[in-house]
Amino acid sequence: MSTVRNQVIRDQDHALHLLRQMVRVRRLEEKCIELYSAAKIRGFLHVYIGEEAVAAGVMEALEPDDAVVATYREHGHALLRGVSAGAILAEMYGHAEGCCRGRGGSMHLFDADARFYGGNAIVAGGLPLAVGLALADRMAGRRRVTVCFFGEGAVAEGEFHESMNLAALWQLPVLFCCENNLYAMGTALGRSESQTDIALKAAGYEISAWAVDGMDVLAVEEAARRAVDAVRSGGGPHFLELRTYRFRAHSMFDPELYREKTEVTRWMERDPIALLQGTMQAAGQLPEDTWAGLTADVDAEISAAVGFAENGTPEPVSELLRFVYSDPPDAGGAANPGGAATPGGGAGKEGAAG
Amino acid sequence: MKTTYREAMRAALRDAMQRDERVFLMGEDVGSYGGSFAVSLGLLEEFGPERIRDTPLSESGFVGAGIGAALGGMRPVVEIMTVNFSLLALDQIINNAATLLHMSGGQFNVPIVIRMTTGAGRQLGAQHSHSLEGWYAHIPGLRILAPATLADARGMLWTALQDPDPVLIFEHGSLYNVAGELDDDAGAVDIDKAAVVRHGDALTLITYGGTLPLVLEAADLLAAEGIEADVVDLRTLRPLDGQTIMDSVARTHRAVVVDEGWRSGSISAEIAARICEQAFFDLDAPVERVCSLEVPVPYAKHLEQAALPSVERVMAAARRAVGTHG
Amino acid sequence: MNQQDARRAVETAIGKVAPDVEPGDLDGAARLRQDLELDSLDFLRLVEVVAESTGVDIPEADYPAVATVDGLVAYVAGHG
Amino acid sequence: MPSLGADMEHGKVVEWLVKPGDYIHKGDIVAAVDTDKTVMDIESFEEGVVAEFLVDLGDTVDVGTPIARITATPAELPTTQPAPATQPGAAGGPPEPGAKVPPPVRHLAHTLGVDVGHLSGSGPHGEVTRADVERAAPGPGTQVPPEQAGHPGEQAEAPRGPDEGRRVRSSPLARRLAAELGVDLSAVPGTGPGGAVTEEDVLSAVPPRGRPAKEPGAEKSADAPSPESRPTAPARATEPVPAPAPRQERPAAGGKAESLRQAIGALMSRSKKEIPHYYLATTLDLAAAMAWMQAVNQQRPVSSRLVPSALLLKATALAAKEVPDMNGFFTKGAFQPSSAVHLGVAVALRHGGLVAPALHDADTLTLDELMDQLRDLVARARAGRLQRAEMADPTITVTNLGDLGVESVYGVIYPPQVAMVGFGKILEQPWAHNGMLGIRHAATATLSADHRVSDGLRGGRFLARIDELLQTPEEL
């Protein structure tokens, strides 16, 4: 098992923390697959197994009130940004205790406290949002950073070009993180982009950019710290191309006809968790019982989260029309402002859907 | 004071930006060019480039950025030059602005105002002459306004900016030059109710935005034939103020809906359906609709006028509704 | 209420509560509980339907008097 | 059979990648499954030894059907026969009442106005096919109305010409006025579009004496119902009380009732084989309960009257809460008491067959709530519209054959439950009370209980408790 560059890890506790973060994501995603097969989770499910180092590394570089915008493969980002595993699973059960009260599901996890602006299921749909969040910070003079995660598939969308240009033109405090896992669903990068060096594209907008080994969490963290600090101190937008790989199918129903099994096993030899384990063990920083204790803690966290989700309650159908519009400031439960009982509902006799 | 629809809207923008420093205007050529319809003329000099922000031609990009800024605590007014270009930003408007509050279980609302010019009649050809406000009125999560009068042009913006949810304001291109009287202290107006702008018992003429002037003209000509029409200016297309519509139809027993959109699936279709659902037993004739003919808007003037709702077509529909002995 | 209206009201009420019973060939002496297999909930439902359709309220104390079809018809005719 | 996608309803094992006796780990790929869309590898979430396959290659089975059995240690190789169905209607058990209807067929049935609930399917596994629906469609006359495609460019569809004879064309307002003023529409010449009768026509047809004064100006037509009460739709009779679903004739052979019969049979025989029943009986003194109930019923409208079984059910639920040995499941060789009391209520279906859906948390319900839920549950049970949860999880069941004149009934416990209470007919019995002979309402209550879990002492305590609770009916 190859180890990460054999540089001595300065701070053992920090390395253990990074390891724990990645294992938390890995176990959560494995449990999601199991729950999906047991028909407890429905709809689409995109797991992050294999790319854990990217989220773990980048999140270390952020301050609590920075903002994060992600995609539909965002369970790991949400978990490491502070959304509890229980709230995530309950959301996928469609329960009221879910982080979005059952309305978002796997692809739309949001959390206001963590400034986690969620899962965005339209490829590249989140990029303009991140630009806008950064624009607000710049106009209000706040030293905050907005990090925007997206896959290399998003690079082919018009919104990528428009957002990169706006961010560079207005020198906005946004960090673009492209998780290049080589496949946009079933289309290999080489079959969708004329120029496959993603970091090079950023140069076209005068945005400084680096490519980073997305399987080496220490490398990701180091690059992320450098980029975030530059952005926070007014250096304008930055761009990281994190070269990583997803060990599982695009989503639950994908027979993976588009790639060779050998390629998958080759990448699995650089499993980000195993890499860090190897490095720490080589440096004598990961005795067996520490590793056992860590995995036991994570398994306990995940099974508690499953219990939380199982005991969740369905959001009452009477709440269906809430949050289509904001609740009026005075009344708690009234579904929406304005005279008409339900906007578009005409005289109050029937609901909006009537 | 004497003013125009365009100046009333400009006053609304200036007033809002003076009262709330979170408000800023963003859009193509709103700054140095002074606005493609000269609505924001002079505002760049007064408020500076940070708050009167010209954008590249990236509708999805800057509309999405406006939504992000609203999430970030600002109160952006995003100008999309015309509804025709808003098609490039539909995903951001429908999948983000209208949907984020519900998807996030009530955590994130989007206090954004998006203004766009709409409508035909100025020989701009098919791609620049759409009337699609009826489309947007189909989307739960959005509020859709159609200011037709100077008072509404002056007063709707501030109320819209107080709304924590996205508000789209459609300004018909042929209204900008309309001149008239406006109180000096004219201010914010309600955006939930329709208005009965003319009273009569023979029938109800229902319309909004750019077609209000021609409907009022038709109503006056009908009066000369002894047909007194109630005229309802909808003002808001979502939510629709059903109460005002039904009260009028219950009194007149006849309704004609005038809508510049194409007939199939238009806002007039929704209004006619609701009248049949809620005022069925008050109807003494089928609901009539006067819409644009279902053809891409032609360039030639005589063809364009033939396609659009006209005073004559409104009067013909009114006579049919009232019955031949009218 | 005359005998004929009462019978028709009772037959329609029985039809509602036990649709599988053919009103035509309802034997007057049939016992509602045992022969028509109406359990306590069905019987309560029958009393309710009769009350709605004929306005005749049958207190629990009088249940024994309406044990058969004819008994019910006579009761409704008498109190209608 | 894992669910691999939201729209996947069944799957077919096309290849086993392991064989009985193999030791497998979590995440190992164990088989290839063909879904409607594609062939997918499926992994195991369990660890242990593959004991046996439960389906053959090529068997199409529903999602959730167990396809292989894995035991913890290699020692437990297969000795027992295949896993029996646990609960009637439970996943994998005998087909649920109501045959399977694929969406396109359901859509066709909807357009032809056919109620698929009562169709027995001629397709594989009783699946309803298009042919079944077409055969069941009412009369040849009802062909599907062609979709009126708005003719593109057509500006206003010309209103249809007057259809001679039969129906008088008139405006809704005219109809309403005619009704109110007692005018016969067919006698009124119409001047409206297409000769339709209008308000004006009706008013002019009414002799002056009967015509409502037509004030000039904004007259709110006095006779029109006030706007508030404007019916949102043509006045419909209030929703008729849902009569129980229309009944099939007694099915000659096969069909749903038959399979239900078999399911109950299998369950009962298994119960008798596995559960060591013991039986107890006692006489319940219902004097206080019946007196209280009749007093309460007197001041209530018919619709909220109580029936005796409501009191018996509530007392049973409360007693079950206090005697946990009666309330729970006996599975995998051990008794799991249930904190909640989900009271199964045995409901006899009209055309034969029996189901025992649950009144959830019956101990917490007020008598009125219990009454409402009971009526709803029985109605839905008979209409075949029970939810899976209601069928799957009663923690103790009650059977009440009193209505049919049976004095005492010893029920067979529904596995995996551990107790069954039976109530007999409420009679007026002679009763000796401190030396005086009197007549009193009473009924026999029986208990069948699982001797692996409880013994006569606990059973007796449980029945006595029911009797005690019934002495203070006002506290039920």
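# Briefing on a predicted multi-chain model

Chain A contains 11 helices and seven strands, where helices (H or I, at least four residues) and strands (E, at least two) are DSSP runs numbered from the N terminus. This is a predicted model, in which local features need pLDDT of at least 70 and side-chain atom pairs count only at pLDDT 80 or more, while totals for chains, interfaces and linings use all residues. Residues are numbered from 1 along each chain as its sequence is written, and chains are lettered from A and ligands numbered from 1 in the order in which they are written.

**Chain A as a whole**

- Of the 354 residues of chain A, 55% count as buried (20 or more other C-beta atoms within 10 Å of the residue's own, with C-beta atoms placed from the backbone).
- Among the contacts in chain A between residues at least 6 apart in sequence, 72% join residues at least 24 apart, a contact being a pair of residues whose C-beta atoms, placed from the backbone, lie within 7 Å.

**The sheet in chain B**

- Five strands of chain B make an open sheet with mixed pairing, in the order β9-β11-β10-β13-β14; two strands pair if DSSP finds at least two bridges between them.
- Because β9 (195-198) and β14 (288-292) of chain B stand at the edges with a single partner strand each, one side of each is left without a neighbour in the sheet.
- From one strand to the next, the twist averages 25°, with angles running from 0 to 180 degrees between the N-to-C directions of axes, which are lines fitted to C-alpha atoms, for helices over the stretch in contact.
- Within this sheet, β10 (residues 203-207) and β13 (residues 255-262) of chain B pair in the parallel sense over three bridges, and I206(B) stands opposite V257(B) in β13(B).
- Helix α9 (residues 212-224) of chain B lies across β9, β10, β11 (229-233) and β13 of chain B, and runs at about 170° to β11(B).

**Where chain B touches chain A**

- Contacts link 46 residues of chain B with 45 residues of chain A.
- Several helices of chain B each supply at least two residues of the side that touches chain A, among them α5 (90-97) and α11 (267-278), but α3(B) gives the most, with 10 residues.
- The residues of this side of chain B divide into 16 nonpolar, 21 polar and nine charged, where Ala, Val, Leu, Ile, Met, Phe, Trp, Tyr, Cys and Pro count as nonpolar, Asp, Glu, Lys and Arg as charged, and the others, Gly among them, as polar.

**A hairpin in chain D**

- Strands β9 (residues 328-331) and β10 (residues 334-337) of chain D run antiparallel and are joined by four bridges, with F335(D) in β10(D) as the bridge partner of F330(D).
- These two strands, β9(D) and β10(D), form a hairpin with two residues between them, and K332(D) in the turn has a positive phi of about 50°.

Methods. Two residues are in contact if their C-beta atoms, placed from the backbone, lie within 7 Å. A residue is buried if 20 or more other C-beta atoms lie within 10 Å of its own, exposed if 12 or fewer, and partly exposed in between; C-beta atoms are placed from the backbone.
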